[in-house]
Amino acid sequence: MIWILVIFLPLMAALFTAFNPAGKRRSGLIFIIASLPAIWLGLADGTGVTIDWLILGTHFSLDPTRRIILLLTGILWATSGLFAGSYLKDDARQGEFSFYYGAAMSGNFGLLISADAASFYTFFALMTFASYGLVIHSGTPSARKAARVYLVMAIIGELFIISALFLAVQSAGSMLLADIPPALAEAPNGSFIFLLGLIGFGVKVGAIPLYFWLPLAHPAAPAPASAVLSGAMIKAGLVGWMHFAPIGLVEWHSISLMMVGLGFAAALGAVIIGLAQVDPKTNLAYSSISQMGLMTAFLGVGLNGGIPAELLLPAIALYAFNHGTAKALLFLGTALPAKVGGAWRILMWAGLGLGVLAIAGGPLTGGLWTKYMLKTFLGKTNLPGAQFFLLLLSFSAIGTALLLSRFLHLLYRIEAPVVNKVPAFFLPWILLLIAGGWWTMSPALLSAELMSHVLGEKGIITFFWHPLTNWSALWPILITAGSLVMAFLLKLAFVNRWPGEKPLVPPGDFLYIILLAGYMVVKFLQKGISLLQSFMQSRHSAEKIFYGILDDKRTLQISTSAEALLRRWEIVGIGFFIFFLTLFFFLR
Amino acid sequence: MEMNSLLLILILFSSLVPGILILLLHERQVFMRSFLNLLGAVVKVGLVAWVFAGYYSGEEYVFIFGLAPDLTFALQVDHLGLLFAALSAVLWLVTTIYAIGYLEGGKHLRRFFAFFSLCVTASTGIALSGNVVTFFVFYEFLTLSTYPLVVHRGDDIAVEAGRTYLWYTIGGGTVLFLGVVGLFVVAGPVYFGQTEIIANLVAENELQLTILFFIMLTGLAVKAAIFPFHGWLPIAMVAPAPVSALLHAVAVVKAGAFGIVRLVYDVYGIDTSEQMNLLTPLAVFAAFTIIYGSLKALFQDDFKKVLAYSTISQLSYIALGVAITGVLSTTGAVVHLVHQGIMKITMFFAAGNVAETYGYKKISQLNGIGRRMPLTMGAFTIAAFGMIGLPPIAGFVSKWYLGLGAIEAESYWVVLVLLASSAMNAAYFLPIVYRAWFCEEGHEMVHRRRPGRFETPALLLIPVVLTGLFSLAAGVFAASANSPLSIAREIAERLYLYLP
Amino acid sequence: MTDLPTSSYPALLVGLPVLMATISLFFKSRGNAVAGLIGCLLTGGLGIVSFAEVTQRGTLIHILGGWKPPLGILLRMDSLAALFIGITAVVGILISLYAWWYFSSRKVSDGKFTLFWSLWLFLWAGLNGLFLSNDLFNLYVTIEVITITAVALAVLSGRTVALFAGLRYLLAAITGSMAYLLGVALLYGSTGTLDLGLMGQALEPGATATFSLIIITLGLMIKKAAFPFHFWLPPAHSSALAPVSAILSALVVKGAFYIMLRLWTEVFGVSLSYAAGQLIGFTGAVAVIWGAWQALLQTNLKMLVAYSSISQMGYLLMAFPLLILAPGVASGSADWLAPAWTGMAYQVMAHAFAKSSLFLSAGIIVFALGHDRIESLRDLVAWKPMTAMAIGIAGVSLIGLPPSGGFMAKWMLLKGIFLSGQWWWAPAVLLGSLLTAGYVFMLLRLAFAPAREKIAFRPVPHILQVCALLLALGSFLIVLPSENLIQFLGGTESFGTGIESIMEGGVHGNE
Amino acid sequence: METHQIYSLTSVVLFAIGIGGVIMAKHFLKKIIATIIMGGGVFLCFVSFAQRDALTFADPVPHALVITGIVVAVTSAAFALSLARRIHQLTGEKTFPDEK
């Protein structure tokens, strides 16, 4: 029952908050209630359920990995929903927003608890297409453009996903997602199927080179929507990957290396482009790309073999948990500086700072812990260049710190209200902060096996207070802080002239190259395309030829004169004799 | 006569008799006409449900009437026929309601509703026909009974369209006739399901059987609008919306598709068809039609034209599924027979509602229509998503099975065709959805008043909402017992029981 | 032959209409018509009753005056004759009823139409006599009676067009009759008998037999307007009055065909060849296509229907090549004879019903509008729905769509074609169907099209429409008893000798 | 050549002339006369068969037939003539319109 409520309540919430005035007024509360089953499932142990009559026969169940993500998702949707309830209460189209929000929520929960391919795909699509409504919500030209790019990419992603699912289900011979990784490990075309999935879900994850819609779409949505987009929905792609990745079963060295390479490229490259942005939300979007790059890389590490999935995947999930809560915190935070005044601002800045640190992996934060876990795996792998990648990991920490400092800087420039006031949506924000911090750092979500694998004999408390670990977390932060201070001190033109109005690189950087290339291709093929268009717009069909003959004047003329000839007595006589002779000939 | 045979006749009569009675009514007897129509439709649904229940509890339904010593008129019930009959009956009821609302106050309604009923009689007859000859009889009857509907508007465009419609369908019927007689001569009276007859003849008459197969296929392809015989379909769009809806969803095109299904599965049999290599050309033509129809739809601005070309494309899914061997693709083909029907009828209802309420027929005029007509466009959106193949809507289920079937048969190119078609479906349906929901209303639109209590008259609104819900439910509850999918799966499994 | 059950029906079938025709001649205008109509109804009823009698008792004969052949005249009513008489009766009754209201609602000044009734009764008598005749000369006399009365009916309207057409018809018919009679003379010369059965046994292959076969066939083909001798038919049929047109095309042309069928199957068995059958079939096929094509191009309704007759009669000829076995084909294995035979019979029936209905509908339109331009059919569905429906139903039967009589005919014909392996006839059958659909739906299309201007028309008696519709429905209803009908036609007991031989193994060609 | 052969040959020639006349002549009267010539040929043929061999009596049947035939032929000819006359009265035409 609870399993159905997980998806059913958000759908009901969507309808109720969209169409019922009372529901519209209390949408925040309703969304909290709607996400309670998901949170509950994320924390409790459920055995799963099979619903024969739903879609193509639905199975719901959870494993530790997805339980972590579900908890994350539940928390994010709940807090963002509450946030949105008051944040958007003056918005004329709040009802619409709630509708898409609820639908996307249901999709997001559903895909996490789905254990079979069809329902997974169903909820994935529901989430993807419902969040289109979130992206386009503001209706501004830039939002429309972002939404269009989002939609195109989403459809491309769906196509890859469905083809990957077709092949995977066929080779697994079962609809259960759990059967896919072993089947891929066995199948001769397993790596091909995995690559299809990689591309398909890569769109959602924002992996290189499919990320360019992300810096457009995530910032275009209202803050609570951005929070779930970047915090929760982006993780759906990761979950998709996890369903396909036969971790611990194969040793796909080249795919592994490719993923690690691309992951780190994203982790570092996104930082550079993100630094050139002027919109805090775009900045965050690039940060998301960067962070997802790291997760990509660690999943890639798993494909190199030697690491059991039961250990690696929860670790990645926890990393995602940390990133998700913190990123959502920051995204929601973008709405705060303009609204929060007076003493409350201290709390706000503290929260934002914590969020930044958590993502950058600062000392005493969940970020440190999650990053450490993954580092353990990287350290123990036999992937070529593992040491180099470890170094890059540290660089990425510096990069992230820089990027998020820039984010704070951008927020800082927003004019604060003069009065000492606090909006209602400050509460969910704080709740999120607490919940995120608590569950990232508590060992409750992880298995004892994993804990001991990472930490050995020592407990997590020891880990956090161990100077060495803190130092390893601290030095990238210190380097960042140092370089920032240096930049200020030197009053380098570099910092002052760092773009404030227009981004150095337009959001969605890579998109423009694609569009340019596409434009050139179109121009090159213009003649062909216009030909195709005129061909397709005109009507061609078989009857044209037929009518051409039938309706032609000459046809009529010839036929009539032939018949007039046949009516003449002479011709009849000739016919008589010909007939006579032929019959005579035939009868002889 | 036995009760069960009588039931089959009653199913046919439940629309035939109202049709004839309506013809005898006076034009102004609106209430009586509507009453007869609805009564017939409800009775038909009830009877089909009765037969449905009976068939699943082991009853047999056969009606045989000898025309000539070897020429028999036979009705029988099997899973496939029952599925199609149920589809016809239910959608007829819905469309009747819609038509009553849509054509209110129009001219020549007596004629319209009479032929409307006859058309459904033909469609049900096709579903229930037990042998090739009976099928052919109803197939031609369908052509005739739809003609007055196509030209109903009665202006020159409609009449010209009717001309083209007839040339195509009569031509197709004639070709089919040739094939049916030829089959009769070669194989005798073939009842559906007796595939062993053909199988036993293959050794001796392979050439004749091959030629006959393609002759019959050509005849059926005309109604199924497979390229290059699709030309009549976009033209027949001049008909009133309920007619287009019925034509595209259950009656004409579906008769062709259903015929192809019957031909391959119940006349020639799958193993025979495959052994004789008959299916590859069908697959190629179907695949080409899918792509071609989608491409054409992509470049249209007329709402109904888009839907028409989309029908051409979608219908060939069925043919494609038939052409691929395997339980999964067969399931996909059969279930798409139903799913395409309910989704397409929803779209036509929606297009009709928009045109009837606001007079908009072009896609470029649809900006913001979703706010004005949320239920109509909501149903349309569901159907459009289904057409694209998005879960959990009916279209997804068909596509899922077709795709899996193609992979099972190792026809990977078919998967590519399906995906390309999905992409193109998205490319022409999503702009409509986008305009409806996310664009601002045009200037003249803002000042328009809403037509009444609802967004559009209730008789127009109820059907579209119903079929929209059907499309959704067929997908969401696909795995439940007695859903179209489960019946289709059962059909497929029965068919392949004979395969090694 | 003479030991078959005798009955007075055959004699009555000829005598009664002659009597009634003569009686009606004694009356002035109104009484003439009443007597005529009574005569028609009686003759028709008699035809139906005698048909039923034959179905019960099998072949009936009547020996006129007790004089046995070869000197006396024997009337034979076998199943084929009974079928033709039955159709003539049913169609004739409906046409007569139509004619009654058609003429009686016209202006009184058109009084000369009173001749219609006696002429029509004489024609009917001729037809019945033709179907019942069992010797060649009797056939000649009856067909001449038919010709003269038919031409007289055709020119009844007195319009110049009709007169020209009638003279052309008459000249062509006389030429055909003379050719036929020459053949009869030659046959008599070589066999010394005129009785069909005896002649079939006595005829020996040779130059005389061949020559007479050719000349008789040619004569009859002129009379039945087979391609390329159809030149007289369209003007004659289209210029006549509506009931007359219906009679001419539904019944009269069948007479010549009937003789040809009888002679080919019963007399000329020895001198036929496979190739000759093919030639006849070929002319039939050409007629099917050419007639339908010309019909498609017409602008006048009655002209269109007349060309349609040429096309439909072509189907009848297409059965001939199937009835003649190729050299070397074992008679037992020829399983296509029965379908070809029944197909032909159905074509005769379906065409009689459908064509008369079409001409009567055309008459209604002429009645209402004063002309029959196809353009004037516009909006027919609105102002004469019943007539539109009659045209539609009759047209559907002509096309051969199921479940009409035309469908049965084409089904059987095609079946025969495929069974015999002579597949090359199939495209002609189908193309004919398609072109027929073309002109039928050209009419229906206009019927559904909006009128260009307001139509002013004379009120038409309701009963006229009913008659036309009933005839159209008849072309469908004949399918219902098809199992019995086919049995009736195919049951060897009720067959004449020639048909019996066909059922047993066909007419053998020259080996 | 025997007598009845001469007769029958003549009859065929007469028939052919008649046919030629019907086909080629344009004037109504000529056409009608041509049919009468055709009839003459046919009747001659009949009569020639009445006595197939010199020994037996003449066969009476052909005579009866010829008499009947002549009656029919005369009727037809008379009817044709009356039609032609009527046409001439109404229109002044002596030929078919498409044969001028």
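The legends below describe close-up views of a predicted model.

**Figure 1. Chain A as a whole.** The secondary structure of chain A consists of 27 helices and 2 strands. Along the principal axes, its C-alpha atoms fill a box of roughly 120 × 55 × 50 Å. Chain A has 588 residues, and 54% of them count as buried. Among contacts in chain A with a separation of 6 or more, 82% are between residues 24 or more positions apart. The domain assignment gives domain 1 (1–189 + 199–235), domain 2 (247–507) and domain 3 (544–588). Taken over C-alpha atoms, the centres of domain 1 and domain 3 of chain A are separated by 75 Å.

**Figure 2. Helix α3 of chain A and its bend.** Helix α3 of chain A runs over residues 27–43 and has 17 residues. From its first C-alpha to its last, α3(A) reaches 24 Å, close to the 24 Å expected at 1.5 Å a residue. The helix bends by about 35° at A:Leu36, and a proline, A:Pro37, follows within four residues.

Figure 3. Of the 17 residues in α3(A), 12 are buried, and the helix is mostly covered. Among the buried residues are A:Ile30, A:Phe31, A:Ile32, A:Ile39 and A:Leu41.

**Figure 4. A:Thr365 in a loop of chain A.** A:Thr365 is found in the loop between α15 (344–360) and α16 (366–380) of chain A. Is A:Thr365 buried or exposed? A:Thr365 counts as buried because it has 24 C-beta neighbours inside 10 Å. Leaving aside residues up to four places away in sequence, A:Thr365 touches A:Leu357 and A:Ala358. A:Phe160 is 205 residues from A:Thr365 in sequence, and the two are 37 Å apart in space, C-alpha to C-alpha.

**Figure 5. The contact between chains A and B.** There are 5 pairs of chains in contact, and chains A and B share the most contacts. On this contact, 29 residues of chain A meet 34 residues of chain B. On the side of chain A, α6 (117–135), α7 (141–172), α24 (526–537) and α25 (542–550) each supply at least two residues. The largest share of that side, 9 residues, comes from α7(A). By class, the side of chain A that touches chain B divides into 19 nonpolar, 7 polar and 3 charged residues.

**Figure 6. Chain D beside chains A and B.** In the contact between chains A and D, 6 residues of chain A are in contact with 4 residues of chain D. The side of chain A that touches chain D has 2 nonpolar, 1 polar and 3 charged residues. Chain B and chain D do not touch. The nearest C-alpha atoms of chains B and D are 35 Å apart.

**Figure 7. The two domains of chain B.** Chain B is divided into domain 1 (1–275) and domain 2 (278–500). Their C-alpha centres lie 22 Å apart. The contact takes 44 residues from domain 1 and 48 residues from domain 2. On the domain 1 side, the elements that give two or more residues include α3 (79–102), α7 (195–223) and α10 (252–268) of chain B. The largest share of that side, 13 residues, comes from α3(B). By class, the domain 1 side has 33 nonpolar, 8 polar and 3 charged residues.

**Figure 8. B:Met32 in helix α2 of chain B.** B:Met32 is found in helix α2 (residues 30–56) of chain B. With 13 other C-beta atoms within 10 Å, B:Met32 is partly exposed. B:Met32 and B:Gly352 are 320 residues apart in sequence, and their C-alpha atoms are 25 Å apart in space.

**Figure 9. The largest nonpolar core.** This core has 687 residues. Those with the most contacts inside the core are B:Val261, C:Leu153 and C:Ala154. Helix α6 (residues 160–191) of chain C gives the most to the core, with 21 residues. Not counting residues up to four places away in sequence, C:Ala154 touches C:Ala162, C:Ala165, C:Gly166, C:Tyr169, C:Ala236, C:Ala240, C:Val244 and C:Leu248.

How values were computed
Residues are numbered from 1 along each chain as its sequence is written. Chains are lettered from A and ligands numbered from 1 in the order in which they are written. This is a predicted model: local features need pLDDT of at least 70, side-chain atom pairs count only at pLDDT 80 or more; totals for chains, interfaces and linings use all residues. A nonpolar core is a set of buried Ala, Val, Leu, Ile, Met, Phe, Trp, Tyr and Cys residues joined through C-beta atoms within 7 Å. A residue is buried if 20 or more other C-beta atoms lie within 10 Å of its own, exposed if 12 or fewer, and partly exposed in between; C-beta atoms are placed from the backbone. Two residues are in contact if their C-beta atoms, placed from the backbone, lie within 7 Å. Ala, Val, Leu, Ile, Met, Phe, Trp, Tyr, Cys and Pro count as nonpolar, Asp, Glu, Lys and Arg as charged, and the others, Gly among them, as polar. The expected span of a helix is 1.5 Å times one less than its number of residues. The bend at a residue is the angle between axes fitted to the seven residues ending there and the seven starting there. Domain bounds come from an automatic or database domain assignment.
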